[in-house]
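Please walk through this protein structure with me, from the overall fold down to single side chains. Keep the sequence and the 3D view side by side.

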Amino acid sequence: LIAVGDFGAMVEIRFDGAKLLAAPTQRSLRDGVAANGQLLIVGAEGQILRGPIEQLESSAVTGVGDLWSVAGTPSDAIAVGEGGAILRFVGGRIERLRCGSELTLRAVVRVGEVAWAVGDEGTIVRILGNDCTEERHEGPALHAVGLGPEGRLLAGGDDGVVLVRGEDGVWTREDVDVGSA
């Protein structure tokens, strides 16, 4: 398990302890995916780290700002971030998708071939291949998206909001007792 954080922090976590790893960047790291010994990590100012843990290569995508989340595998992933940035990683290529919104996207999940991103002002974007559709844009900022215990898509965010995507594609608010959170 690799944890990432501010100022390029990378920590390898094992059953018997943890150790700080040398990172090829000082930029803050936000999220990553791994498969078959390969990593893809994203972070501040378009930071990208790719490769095996002992040979990570550092690069940056200019003009995308901070990248907050990535989903998929290192060779087939979607990353989202500041200003509505959506990057598609296919093999060694990086493609920038244009969806129209310039609101920051804070989390992304992949379910089969479709990715779902959530962010500021209640924005929810559906991404399929090189196409994206804004499904929702209202309410408090959303910070998390994933599959719930019943296999339905859930999004959560500020003010204790929890949204569930119905089979009809409509996102509805669930009543959740979150106290003063």
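This is a predicted model: local features need pLDDT of at least 70, side-chain atom pairs count only at pLDDT 80 or more; totals for chains, interfaces and linings use all residues.

What follows goes from the whole chain to its core, and then to rings, charges and loops.

The protein chain has 0 helices and 19 strands. Its C-alpha atoms fill a box of roughly 45 × 35 × 25 Å along the principal axes. The radius of gyration is 17 Å. A compact globule with 181 residues would have a value near 16 Å, so the chain agrees with that expectation. Of the 181 residues, 40% are buried. Now take the contacts with a separation of 6 or more. Residues 24 or more positions apart account for 29% of them.

The largest nonpolar core has 13 residues. Which of them touch the most other members? They are Leu40, Ile48, Leu67, Val70, Leu87 and Phe89. Four strands each supply at least two residues of this core: β5 (38–43), β8 (67–73), β9 (76–81) and β10 (86–90).

Set aside residues up to four places away in sequence. Leucine 67 then touches Arg30, Val42, Gly43, Gly46, Gln47, Ile48, Val80, Gly81, Ala85 and Leu87. Two of the names on that list, Ile48 and Leu87, are also among the core members that touch the most others.

Glutamine 47 sits in strand β6. Is this side chain buried or exposed? At 2% relative accessibility, glutamine 47 counts as buried, because the cut-off for buried is under 20%. Beyond its neighbours within four places in sequence, glutamine 47 is in contact with Thr25, Arg27, Leu29, Ile41, Val42, Ser58, Ser59, Ala60 and Leu67.

Turn to the aromatic rings. The structure holds 1 aromatic pair. Tryptophan 116 and tryptophan 171 form it, with 6.3 Å from centre to centre and 70° between the planes. The pair is edge-to-face, because planes over 60 degrees apart count as such. Tryptophan 116 lies in strand β13 (residues 114–119), and tryptophan 171 lies in strand β19 (residues 171–173). The pair therefore ties together parts that are 55 residues apart in sequence. Both tryptophan 116 and tryptophan 171 are buried.

Another tryptophan meets a charge. The charged end of arginine 106 sits over the ring of tryptophan 68, 5.7 Å from the ring centre. How accessible are the two partners? Arginine 106 is partly exposed, at 25% relative accessibility. Aspartate 120 counts as buried, at 19%.

In total, the structure holds 11 salt bridges. One of them joins glutamate 12 and lysine 19, with the closest N and O atoms 4.0 Å apart. Glutamate 12 is buried, with a relative accessible area of 16%. Lysine 19 is partly exposed, at 48%. Another salt bridge pairs glutamate 150 with arginine 152, at 3.7 Å from N to O. Glutamate 150 is exposed, with a relative accessible area of 66%. Arginine 152 is partly exposed, at 37%. Shared partners also matter for the picture: salt bridges join Glu12, Arg14 and Lys19 into one network.

Finish with the backbone in two loops. Glutamate 45 has a positive phi of about 55°, although it is not a glycine. Its place is in the loop between β5 and β6 (47–51). Glutamate 121 also has a positive phi of about 55°, and it is not a glycine either. Glutamate 121 is found in the loop between β13 and β14 (124–128). Glutamate 121 is partly exposed, at 43% relative accessibility.

Definitions and conventions: Residues are numbered from 1 along each chain as its sequence is written. Side-chain values use heavy atoms; hydrogens and water are left out. Rings of Phe, Tyr and Trp (its six-membered ring) pair if their centres lie within 6.5 Å; planes under 30 degrees apart count as stacked, over 60 as edge-to-face and the rest as tilted. Buried means under 20% relative accessible area, exposed over 50%, partly exposed in between (1.4 Å probe, protein chains only). A charge sits over a ring if NZ of Lys or CZ of Arg is within 6 Å of the ring centre and within 35 degrees of the ring normal. A nonpolar core is a set of buried Ala, Val, Leu, Ile, Met, Phe, Trp, Tyr and Cys residues joined through side-chain atoms within 4.5 Å. Contact means heavy atoms within 4.5 Å. A salt bridge is a side-chain nitrogen of Lys or Arg within 4 Å of a carboxyl oxygen of Asp or Glu. The radius of gyration is taken over C-alpha atoms; the globule rule is 2.2 Å times the number of residues to the power 0.38.
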